[in-house]
Every structure is written in structure tokens, then in C-alpha cells.
Amino acid sequence: AAHLEVDDVRFSYRLHHEDGDDLRMGTANQISQTAFDHGFTLAPVQRYTDEHQFSAEFGLGEDLALVLTMPFYNKELQHLDAAGQRTESRTSGLGDVIMGTRVGLGEQGEQRLIFGAGLSIPTGSNTLSGEVGGQLNQRLPYELQLGSGTYDLHPEIVLGRWMERWSFGARAAAVVRMGKNEENYHLGDRMEASAWVSRHVD
């Protein structure tokens, strides 16, 4: 991001939407009947996730900022049973809060290289129960849980160019899980890459 002076504060909001409709075994797509043939009574057929990400950056110096991120989720998972009946399960709430820093590593004219490191705290629940396949008080699947249940590392690197009104750049980030949660599992590590273009509006 652009420079923050000491004691400056910047607030931001990002919406991230995901949906999927593939059933997989390993890396191969499968049909719902495959799940029933393996003894499952339900097969997932559609998944939606909206992440509302609220962030606050606090300037500690020209090249150093403290970052606090709070994600809120709306999640939905649709299942199909062997009789062809479709049911829905939903959750919503606070995910895992992330605290971290961003450090400017280098600057050449309007171009900057930024490194970020964060640690997420397991504030989001990973033991939610609800209605699954018409049955009440069932432990919801991983996709509908709001948190990981573990403390996770969030490294990122950003290369961007900030001009008077326009900025553009690219970002690479990862989530690295540390150990298992109290339910004796951990989610998989994640890597992502993105690019942006933005214009300042007075």
C-alpha cells in the first residue's frame, strides 16, 4: 500500500466470493453417484462462500505498519441424497482474526516492494453444528466451519507502483498451518496470487 506516516490509520474493506460445484476424488471430477457407491448418504453439489474482510492499518513509520484484519463469513453448502432430494446448510460469523506487519523492503521511484507477515488467532469456531441432510444438531463439514482451530502464519509479498491517481501491482500470499487443532486435524496450506488496478477518487 501507499506510505503511512506515523500515527496515520487506514481502513479498508474487501469482498471475496467463492463458489464450486465439482465433486472430486483426488484430482478427478466425480458424479454424485460415486459418493453413494462408497457408502456416503449425502453428496455435496454446490458451495458458496462470501468473505467480508475488514482491515485497519496503523502507521508506525514510513516503511512499517501494523495490520489488523477481521473476516466475516457467509457460507452455504448444498447436498444431494440418494433419493435425489437437495438440502442446504448455512453458517455465518466471525472467522480467524489476523494480526501482522507490513514492511517496505525497497523503493525505486513510484515502485515499491512490500513484505508482510501475519499470525491468525483461532477466533472462528471449528466445531459448529447444524442441520445436515435434514438431520438436526449434526457436526457441520469443514467447508462450513468459520475458523481453522489453529494458529496460522500469513506471509505475503507485494510489488506495486503508486502514482498520483493510479496504482497497480501484484501480490502473492500463503497460509501455513502450525500443528493440529483440538479436533486433531488441520486444514491444508494455501497459496494465492492476485493483481489489482485502482484509481484515487477525491
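A residue is called buried when its relative accessible area is under 20%, exposed when that area is over 50%, and partly exposed in between, with a 1.4 Å probe and protein chains only. By this criterion, 34% of the 202 residues of the chain are buried. The structure is a predicted model, in which local features need pLDDT of at least 70, side-chain atom pairs count only at pLDDT 80 or more, and totals for chains, interfaces and linings use all residues. Residues are numbered from 1 along each chain as its sequence is written, and side-chain values use heavy atoms, with hydrogens and water left out.

**The whole chain**

The C-alpha trace spans about 65 × 30 × 30 Å along its principal axes.

Contact here means heavy atoms within 4.5 Å. Among contacts between residues at least 6 apart in sequence, 59% join residues at least 24 apart.

Next, display the surface. The chain exposes about 12500 Å², of which carbon and sulfur atoms supply 54%; such areas come from the Shrake-Rupley method with a 1.4 Å probe, and for residues only the protein chains shown count as cover.

**Charges**

Colour the side chains by charge, with Lys and Arg as positive and Asp and Glu as negative, leaving out His and the chain ends. Each charge is placed at NZ of Lys, CZ of Arg, CG of Asp or CD of Glu. There are 17 positive and 29 negative side chains, and the centres of the two sets lie 2 Å apart.

Now select Glu-5, Asp-7, Asp-8, Glu-62 and Glu-107, which form a negative surface patch. Patches consist of residues with over 30% relative accessible area and no salt bridge, like charges being joined within 9 Å and nonpolar side chains (Val, Leu, Ile, Met, Phe, Trp, Tyr) within 5 Å. A salt bridge is a side-chain nitrogen of Lys or Arg within 4 Å of a carboxyl oxygen of Asp or Glu.

Move to Thr-49 in strand β4 (residues 42-61). Thr-49 counts as buried because its relative accessible area is 10%. Beyond its neighbours within four places in sequence, Thr-49 contacts His-16, His-17, Glu-18, Tyr-73, Asn-74 and Lys-75.

Then select Asn-126, in the loop between β8 (111-121) and β9 (129-132). With a relative accessible area of 12%, Asn-126 is buried. Outside four places in sequence, its contacts include Arg-139, Gln-145, Ser-148, Asn-181 and Tyr-185.

**Positive phi angles**

Most residues other than glycine have a negative phi. Select Asn-137 in strand β10 (residues 135-139): its phi is positive, at about 55°, and the residue is exposed at 69% relative accessible area. Asn-184 also has a positive phi, near 70°. This residue is in the loop between β12 (166-178) and β13 (190-199) and is exposed, with 56% relative accessibility.

**Final stop**

Leu-187 is found in the loop between β12 and β13 and is partly exposed at 27% relative accessibility. Leaving aside neighbours within four places in sequence, Leu-187 touches Ser-148 and Arg-177 by the contact criterion. Finally, draw a distance from Leu-187 to Val-197: the two residues are ten apart along the chain, and their C-alpha atoms are separated by 31 Å.

Notes
Helices (H or I, at least four residues) and strands (E, at least two) are DSSP runs, numbered from the N terminus.
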